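Welcome! Here is a friendly briefing on a structure with two chains, written for someone new to reading protein models. Take a look at the sequence and the 3D view before you read on.

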Amino acid sequence: MRLVALYAIATVIALALETTIPLWLPIGVLTPNLILILAVDLGMKHHRALGALLAFAMGYAIDSFSGTHLGLNAFMLTLTYMIGYGLSRYLISTSSAIGVIVVFVGATISGLANSVSSAGLQSSSGALAMLPRLAASAGISALLAPWVFALMGAAKRAVGLRMRPVRE
Amino acid sequence: MLRGTFLWRHRVMLTSGILMLLALHMLSAGLAPGARAEKPSLALLWMLKPVQSIEANVADDTTGFVHDYFDLVNVRQENLVLKEQVSELEGQRTRLAELEAENRHLSDLLELREVLAMQAVAARVIGADATGLSRTLILSEGSSDGLRRDMAVISTAGVVGKLIAVAPNASRVLLINDHNSGLDAFDQRGRSRGIVTGLLDGGLTMKYVDRTEDVKSGDSVVTSGMDGIFPRGLLVGQVTRVSQEGPGLFLNIDIHPATDFRKLEQVLILTRKPPQLAPDIKG
């Protein structure tokens, strides 16, 4: 329950930041994907079916505030959760460095999927042309990831949540 | 009972897989207006609105504060005695300038509403697209103010977009420069009709205009009123480039949008749809 509450609050804060920061700063596509960082944190550190459900819900929340395709970000965040889960489970590590790499890869794939879905298959070459900008955005997300991980770690300690993943 | 079984050992992967299939189903099915799967999304929009409004207010205050601060530093260097007075005056000036700008904007919108002679609701822009990859904005008004899906959103500069999601106290508008947007428009000089849609780079293009049509750079493009959403004659933008590259049947027409979407603060939502053309009589 505490896990759900913590990630729900973090998602609301991240969504509020993601939707209002572009109003003050003209960063456009470079907006960091903070919720994806939360999904990676979940995947790396919480090996329960509830984690997958939370990642799906966080993606659905992004879909409510972005684009026209309901389900796209829900899919991408669940996929990112799975990548984070798989890597931490089979590498037996929850290191931030791995998390940063997963955030970078996840943000790039997610951005590309959003662009292709927005542009349609006919303009997928146009979406590919956006790859450098998407990679820059993913880079910003990756740079912010260690801070978000640390913040979530501190919040989890504060509410008494276990930090290490449960080995199955 | 399930412990130790295949299902239990792989429950995380299986749950993720099922959820991904569910997401794919939502994605492929699309959503009709008012669909059940859209309801939680509207509830989220409703829930987050107060947070966004507070953040938008804080942002306004912070911008004013930062301006005041820099002004204050300059004044202190020139004359320490006048610091307090100048600070106070600058604070007032910033607030007054902000109020004046808002007042001017609202007056313009009011004038526009009178010119259009249509019922309309003014709304404030309180949020942008969460990913920055789609072109949508979040507005401060919702269904409790009479807003409905597919209503036209305009500004004093021209067409902005149409509502795609409406919660009780907030709504989302799909901008005309999003690739999924499309509006019926025509070249005001040459009278050539086409569909204006968004490009990935934020610009606009006009599709399905025959190569024989007379369209020139600098022409104004306005709404035709044929799509049943936007009233006829609203400015969409200006033609910046016309070419015949490629093997297609149609012209490639680039349009610079009349509205600067990044600077939008207030918009007008037309609450009554323009009169529809009578359907063709069959037989």
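Predicted model: local features only at pLDDT ≥ 70, side-chain atom pairs only at ≥ 80, totals over all residues.

## Helices side by side, and how they meet

**Chain A: helices**

- Chain A has seven helices and zero strands.
- H1(A) brings A:Tyr7, A:Ala10, A:Thr11, A:Ala14, A:Leu15, A:Leu17 and A:Glu18 to its contact with H2(A), while H2(A) brings A:Leu34, A:Ile35, A:Leu38 and A:Leu42.
- By class, the residues of this contact between H1(A) and H2(A) are nine nonpolar, one polar and one charged.
- Chain A is 168 residues long, and 53% of them count as buried.
- Among the contacts in chain A with a separation of 6 or more, 67% are between residues 24 or more positions apart.

**Where the chains meet**

**A helix pair across the two chains**

- Helix H4 of chain A (residues 72-91) packs with helix H2 of chain B (residues 11-29); their axes are 8 Å apart and the angle is about 160°.
- That angle makes H4(A) roughly antiparallel to H2(B).
- Is the crossing of H4(A) and H2(B) left-handed or right-handed? The crossing is left-handed.
- H4(A) makes the contact through residues including A:Leu72, A:Phe75, A:Met82 and A:Tyr85, and H2(B) through residues including B:Val12, B:Met13, B:Leu19 and B:Leu27.
- The residues of the contact of H4(A) with H2(B) comprise 15 nonpolar, two polar and no charged.

**Chain B: overview**

- Chain B contains four helices and 12 strands.
- Of its 283 residues, 35% count as buried.
- In chain B, 57% of the contacts between residues at least 6 apart in sequence join residues at least 24 apart.

**Chain B: the barrel that includes S1 and S2**

- Strands of a sheet pair through backbone hydrogen bonds, either parallel or antiparallel.
- In chain B, six strands close into a barrel in the order S1-S2-S5-S4-S3-S12, with antiparallel pairing.
- On average, neighbouring strands of this sheet are turned by 45° against each other, direction ignored.
- H1(A) packs on this sheet and touches S1 and S2 of chain B, with its direction at about 100° to that of S1(B).
- Strand S1 (residues 120-128) of chain B runs antiparallel to S2(B), and three bridges join them.
- B:Leu139 in S2(B) is the bridge partner of B:Val125.
- S2(B) also pairs with strand S5 (residues 171-175) of chain B, in the antiparallel sense and over four bridges.
- Within S5(B), B:Leu174 stands opposite B:Thr136, and B:Ser171 stands opposite B:Leu139.

**Chain B: the two ways out of strand S2**

- In a regular strand the side chains alternate between the two faces of the sheet.
- Strand S2 (residues 136-139) of chain B has B:Thr136 and B:Ile138 pointing one way, and B:Leu137 and B:Leu139 the other way.
- Are these residues of S2(B) buried or exposed? All are buried.

**Chain B: the barrel that includes S7 and S8**

- Another set of six strands in chain B forms a closed barrel that runs S6-S7-S8-S11-S10-S9, with antiparallel pairing.
- Neighbouring strands of this sheet are turned against each other by 40° on average, direction ignored.
- Strand S7 (residues 193-198) and strand S8 (residues 204-207) of chain B pair over four bridges in the antiparallel sense.
- B:Gly198 has B:Leu204 in S8(B) standing opposite.

Notes:
Residues numbered from 1 in each chain as written. Chains lettered and ligands numbered in written order. Axes fitted to C-alpha atoms, helices over the stretch in contact; angles between N-to-C directions. Parallel < 35°, antiparallel > 145°, perpendicular 65-115°, else oblique. Left-handed = near helix turned anticlockwise from the far one by under 90°. Contact = placed C-beta atoms within 7 Å. Nonpolar A, V, L, I, M, F, W, Y, C, P; charged D, E, K, R; others polar. Pairing = 2+ DSSP bridges. Buried ≥ 20, exposed ≤ 12 C-beta atoms within 10 Å, placed from the backbone.
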